[in-house]
Amino acid sequence: MNNKTLIINGSPRPAGNTAYLIDILRKHLKGEVIEISAFRSGIAPCVDCRGCWETAKCVVQDGMQVIYDDDFDNIVIASPVYYGTLPGSVLGLMSRLQPWHAATFFLKQPLEQRPKKSAAILTAGGKGNQANANHHLSAFFRMVNAHGFLEHTACSPNTDTVSAQEDEHAIAAVIEIANWLNSG
């Protein structure tokens, strides 16, 4: 089976802990891999223009089209955790699922997204508390019809003192995620 995996990179650091774990994931994934940088893609947050209330389509044309096209089998969000949740750029990207929300609740015509697998890779300094991140990830993955991330999350929780490159547990968890995504 030839999977297509979409990775949403939530880190502003091109060579940081999150990028390192994404590289490990990419090395072990089979099939096509598409990566979107939440910080560098130019994807703007939803501005509540309500254009999607009429058409269930976003009027803003930018990198979100990759997600809107729904042409992937797996989706992974890899991100640092800031103050217990995801960075603003990731939350802004997530807010752009408003057209799918509008289709379901305003137009009463839910869009049918293909089922897909989901996973998360989180890096965090300090206490590594990701409870709020999991809340946002759960809502996003539910909206894109993706399942599995709660059982398939890798976390490097103490990057202030132990880099992801030294976190054997996180590296092993990322490889396990790749194996699961490859399993079809």
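Modeller: Axes are lines fitted to C-alpha atoms, for helices over the stretch in contact, with angles taken between N-to-C directions. The model discussed here is a predicted one.

Biologist: What makes α4 roughly parallel to α6?

Modeller: The axes of α4 (residues 88-95) and α6 (residues 131-143) cross at roughly 30° and come within 11 Å. Angles under 35 degrees count as roughly parallel, and therefore α4 is described as roughly parallel to α6. The crossing of these two helices is left-handed.

Biologist: Which residues of α4 and α6 meet?

Modeller: From α4, Leu91, Leu93 and Met94 meet His136, Leu137 and Phe140 of α6. Five residues of this contact are nonpolar, one is polar and none is charged.

Biologist: Which residues of α4 are buried, and what do they pack against?

Modeller: Ser89, Val90, Gly92, Leu93 and Met94 are the buried residues of α4. Their packing partners are β1 (4-9), β2 (32-37), α3 (65-68), β3 (74-80) and α6.

Biologist: How do you know that Cys46 is in no disulfide?

Modeller: The structure holds zero disulfides. For Cys46, the nearest cysteine sulfur is that of Cys52, 6.3 Å away.

Biologist: Why is Cys46 called partly exposed?

Modeller: Cys46 has a relative accessible area of 32%. Buried means under 20% and exposed over 50%, with partly exposed in between; Cys46 is therefore partly exposed.

How values were computed:
Residues are numbered from 1 along each chain as its sequence is written. This is a predicted model: local features need pLDDT of at least 70, side-chain atom pairs count only at pLDDT 80 or more; totals for chains, interfaces and linings use all residues. Side-chain values use heavy atoms; hydrogens and water are left out. Axes are lines fitted to C-alpha atoms, for helices over the stretch in contact, and angles run from 0 to 180 degrees between N-to-C directions. Helices (H or I, at least four residues) and strands (E, at least two) are DSSP runs, numbered from the N terminus. Angles under 35 degrees count as roughly parallel, over 145 as roughly antiparallel, 65 to 115 as roughly perpendicular and the rest as oblique. A crossing is left-handed if the near helix is turned anticlockwise from the far one by less than a right angle, and right-handed if clockwise. Contact means heavy atoms within 4.5 Å. Ala, Val, Leu, Ile, Met, Phe, Trp, Tyr, Cys and Pro count as nonpolar, Asp, Glu, Lys and Arg as charged, and the others, Gly among them, as polar. A disulfide is a pair of cysteine sulfur atoms within 2.5 Å. Buried means under 20% relative accessible area, exposed over 50%, partly exposed in between (1.4 Å probe, protein chains only).
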